[in-house]
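Take a look at it first, and then we'll walk through a few spots together.

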Amino acid sequence: MQTATVESEKSRKRSGNLRRRQLVDRIATVAIFGAVILAIVPLVLILADIVIKAAPVMSFGFLTNLPKASPFSPDQGISNAIIGSFVMVGFASLIAIPIGVGAGIFLSEWAEMRFAWVASFTNDVLAEFPSIVIGIFVFVIIVLATHSFSGYAGGFALAVIMIPIVARTTEESLKLVPNSYREASMALGVSRWRTITRIVLSTGRGGLVTGVLLAVARVMGETAPLLLTALGSTLAFRTLSQPTESLSLLIYFYGTSAYKTWQAQAWGAALVLVVIVLALNISVRALTRGKFITGGD
Amino acid sequence: MKLAEMEQTDKGANFENRGAVRPFQTQPKLETRNLKAFFGKTEAIKGISLAIPDRKITAIIGPSGCGKSTFLRCLNRMHELVQRAHTEGEVNLDGANIYGPGVDAVAVRRKIGMVFQKPNPFPTMSIYDNVAAGLKLNGVRNRKRLDEAVERSLKLAFLWEETKDRLKEPGSGLSGGQQQRLCIARALAVEPEVILMDEPCSALDPNATSRIEQMMVELENEYTIVIVTHNMQQAARVADYTAFFYLGQMIEYEETDKLFENPKMELTERYITGKFG
């Protein structure tokens, strides 16, 4: 008798636990789906808002015309900002990609050195640096020294932001290359440097390109450091040695202006910027789909 | 008898002189003298002296962890690429120490090639480029010379018939056994004098294994081959000489038939009869 009661109590406890666990499971599933939707909703709202508000100003002329001094002039455009953004980011890439890839190679291939650990840590810190601080730094060492805001200073600030991102993604993608390929190459009597440039880099190139594109996308939208370095301009882009406009700066100045026409143009510029960044991200997806590293083991 | 006691009784039996153990009369191709290998402070190879004959197949057998792969990697200076690893002692190739001062490890590896346990063709390269990799990476551009080297190496590796019509396809598209023969062709293309094989068949099926064994016997006429294997039947089938390693030491080194039929050491006998391993 007694043992029977104990048994049934046990089984009730067990099934009670089970029911409780199933309930918790259902609540957790619902909560997680809810969180995902909450995370996506702002993105969709922002995108929709930008598209709706940018629609009135969008035209071919908007992309190719220059800004006008008066907010009421016809045929206003943002061509100087588009060109300025691309040229400054291009200049930044020229500096940041070789340095970043080089640093990433060092961090991955000479990881056993104590200095590599220090460098890796420093790189992480730099990657997390507030970009306004980098802006101030470049303002002091370039803008004050040359007595001029310039596209070079802006590009340099963007490069400082890009380097740690490129270095980190390079390091990570090269570390994914199986060591057996390095050994196979070394065993053929190939030097370490050639092994790195011809075998390791080519095997890990998918990740490398991804890192570079993500870094480009990241600095495309940077504003704070450019305020202190490139300053912005309403003139046509001619040279990086003068103050240079960028899409982000144009959005900032037009968006905070008192004129409805300029505010509308800020939305237009925002749409252009978002499309550029999205295009970069989508090309990353296309490049890395299923072949981050081909044929690895 | 316990293993420890056997080691006691075995000691000195085959080591009457301090020179390298040499169960053959000809001039050795490779010779180690008191070779030691370390991982950090751990001594994985505890002073091995043995001579490897020219244009013969020498097998190294022994239980897992006995140091046979480490020993092999010392023979072409691959061991030192491992973090915190180093070697002591000498390895003489045709009488010249490859660990001598001023000797370039990269040049050593060009003369002493290696095939690894797992087939590892370069994933971004075609079959042709894989075979030509060693030459191309060392600056050979001459198309005719590359073509010839690729054809010759693939033929030596018995892979030419299967791949001659698809040399431009990726090497990773081949079967496991073909990939391993591709890796052997790749090693042969740089025309090494010695080929080290680190359990080259352990990832392959019996059919692919037998093709590679056939190829080894063919290659023996031109190359000195050292093969590490945990498969004793394989050693018995292909090797002219066999060394038995245990716990970082060489226990016995003899002509293969003698070693398997009439081992001098009790440890060897217990290992080859499957009593431990």
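**A quick briefing**

Leu45(A) sits in helix H1 of chain A, which covers residues 2-54; helices here are DSSP runs of H or I with at least four residues, strands are runs of E with at least two, and both are numbered from the N terminus. Keep in mind that this is a predicted model: local features need pLDDT of at least 70, side-chain atom pairs count only at pLDDT 80 or more, and totals for chains, interfaces and linings use all residues. Residues are numbered from 1 along each chain as its sequence is written, while chains are lettered from A and ligands numbered from 1 in the order in which they are written.

**Leu45 in chain A**

- Leu45(A) counts as exposed because it has 10 C-beta neighbours inside 10 Å.
- The cut-offs go like this: with C-beta atoms placed from the backbone, a residue is buried if 20 or more other C-beta atoms lie within 10 Å of its own, exposed if 12 or fewer, and partly exposed in between.
- Ile32(A) is 13 residues away from Leu45(A) in sequence, and their C-alpha atoms are 20 Å apart in space.

**Where the chains meet**

- Chain B brings 24 residues to the contact and chain A brings 21 residues (two residues are in contact if their C-beta atoms, placed from the backbone, lie within 7 Å).
- On chain B's side, helix H3 (105-111), strand E7 (112-115) and helix H4 (127-137) each give two or more residues.
- H3(B) supplies the largest share of that side, four residues.

**The sheet in chain B**

- Six strands of chain B make an open, mixed sheet in the order E7-E8-E9-E4-E10-E11 (two strands pair if DSSP finds at least two bridges between them).
- At the edges are E7 and strand E11 (249-255) of chain B, each pairing on one side only.
- Strand E10 (residues 241-246) of chain B runs antiparallel to E11(B), and six bridges join them.
- One of the residues to look for is Tyr246(B), whose bridge partner in E11(B) is Gln249(B).

**Helix H4 in chain B**

- H4(B) is mostly covered, with eight of its eleven residues buried.
- Among those buried residues of H4(B) are Ile127(B), Asn130(B) and Leu137(B).
- The cover over them includes helix H7 (179-187) and helix H8 (192-203) of chain A, plus helix H5 (143-156), helix H6 (160-163) and H7 of chain B.
- Just after H4(B), Gly139(B) has a positive phi of about 95°.
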